[in-house]
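Please consult the sequence and the structure shown here.

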Amino acid sequence: MPATPAWPPKSLPRLFVRAQLGEGVRVDLDGGQANYLGKVMRLGVGAELLVFDGSSGEWLARISEAGKKRMALTVERRTREPEAIPDVWLAFAPVKRTQTDWLIEKATEIGVAKLIPVITQRTIAERVKLERLGSIAIEAAEQCGRTRLPPIDEPVSLAQFLKQADRAIYFADEGGGAPAAHAFKPGPAVILIGPEGGFTDDERAAIRGVSNAIPVSLGPRILRAETAALAALAAYMTVAGDWR
Ligand code: SAM
């Protein structure tokens, strides 16, 4: 007996749409999405796809109109409720553009709940293009099956971040800290990663000076900032997140 194929079939295209989804709702796609479905995926009227709006879960939709540069969908029914996301944020000092893009994509795939760019003394990238990073998070969510998008905050200074962080701050410190395997505990958390040049001694003292900061070691080797971010997130998910 051939195995019952999974429903919805993993092969259906999956798109994030800026519309409040519901049964029977009509969604007009933007030019880029219409081009992707029509030209790249060669889909026309009647074809099925999955859509999500970032809050109400995932829905099955069908192409109801297709023109040269535009397309409209009709939403049929919900295929998945919004998934629970471990309450872990990532606060990172922006690095070079390609590495920051990579970090956003991978952190979204792993399941981060929110991203916070933190400007430190040795941060190289002063300007953070939030719209661009937002598109990268959307593409990663479309690809990995998320129905919720991680918000990306406006950049804040380290001092502001420390003032406003009202949850456990797991401070990745190459200078030493609790081994990651034992440091992370379930509950609201933010992982703090420094810039390529690391935190200055003053910054390190300021971080260690706040009561909810927990210095964490990611092993004896000096990891690149984006590698450290991913390694810390993966360790959190294993010990305290949804990989348990
Ligand atoms: N300042 C360091 C140096 O050049 O010696 C390197 C900084 S490292 C490239 C960037 C950031 O990744 C650090 O600020 C820290 O947050 C994190 N990191 C890298 N390796 C780590 C480790 N073994 N344990 C904890 N955090 C680490």
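On a 1 Å grid over the protein atoms alone, a pocket is an open set of points with protein on both sides within 12 Å along at least five of seven lines, and its lining residues have an atom within 4 Å of a point. A molecule sits in a pocket if more than half of its atoms lie within 2 Å of its grid points. By this criterion, the ligand sits in the largest pocket.

The model is predicted: local features need pLDDT of at least 70, side-chain atom pairs count only at pLDDT 80 or more, and totals for chains, interfaces and linings use all residues. Numbering starts from 1 along each chain as its sequence is written, and side-chain values use heavy atoms, with hydrogens and water left out.

The largest pocket contains about 270 Å³ of space, a volume being the space filled by probe spheres set on the grid points. Its lining has 18 residues, with Ala172, Glu174, Ile222, Leu223 and Ala228 nearest the centre.

Around the ligand there are 19 residues (a heavy atom within 4 Å), of which Ala172, Leu218, Gly219, Arg221 and Leu223 come nearest. The shell comprises 10 nonpolar, 5 polar and 4 charged residues.

| Residue (backbone N or O) | Distance to a ligand nitrogen atom |
|---|---|
| Asp173 | 3.4 Å |
| Leu218 | 2.9 Å |
| Gly219 | 2.9 Å |

Of the 570 Å² of accessible area that the ligand has on its own (Shrake-Rupley method, 1.4 Å probe), the protein covers 85%.

Technical notes: A polar contact is a pair of N or O atoms within 3.5 Å; within protein, one must be able to donate a hydrogen and the other to accept it, and residues adjacent in sequence count only if both atoms are side-chain atoms. On a 1 Å grid over the protein atoms alone, a cavity is a set of points where a 1.4 Å probe fits but cannot get out, and a pocket is an open set with protein on both sides within 12 Å along at least five of seven lines; lining residues have an atom within 4 Å of a point. Ala, Val, Leu, Ile, Met, Phe, Trp, Tyr, Cys and Pro count as nonpolar, Asp, Glu, Lys and Arg as charged, and the others, Gly among them, as polar.
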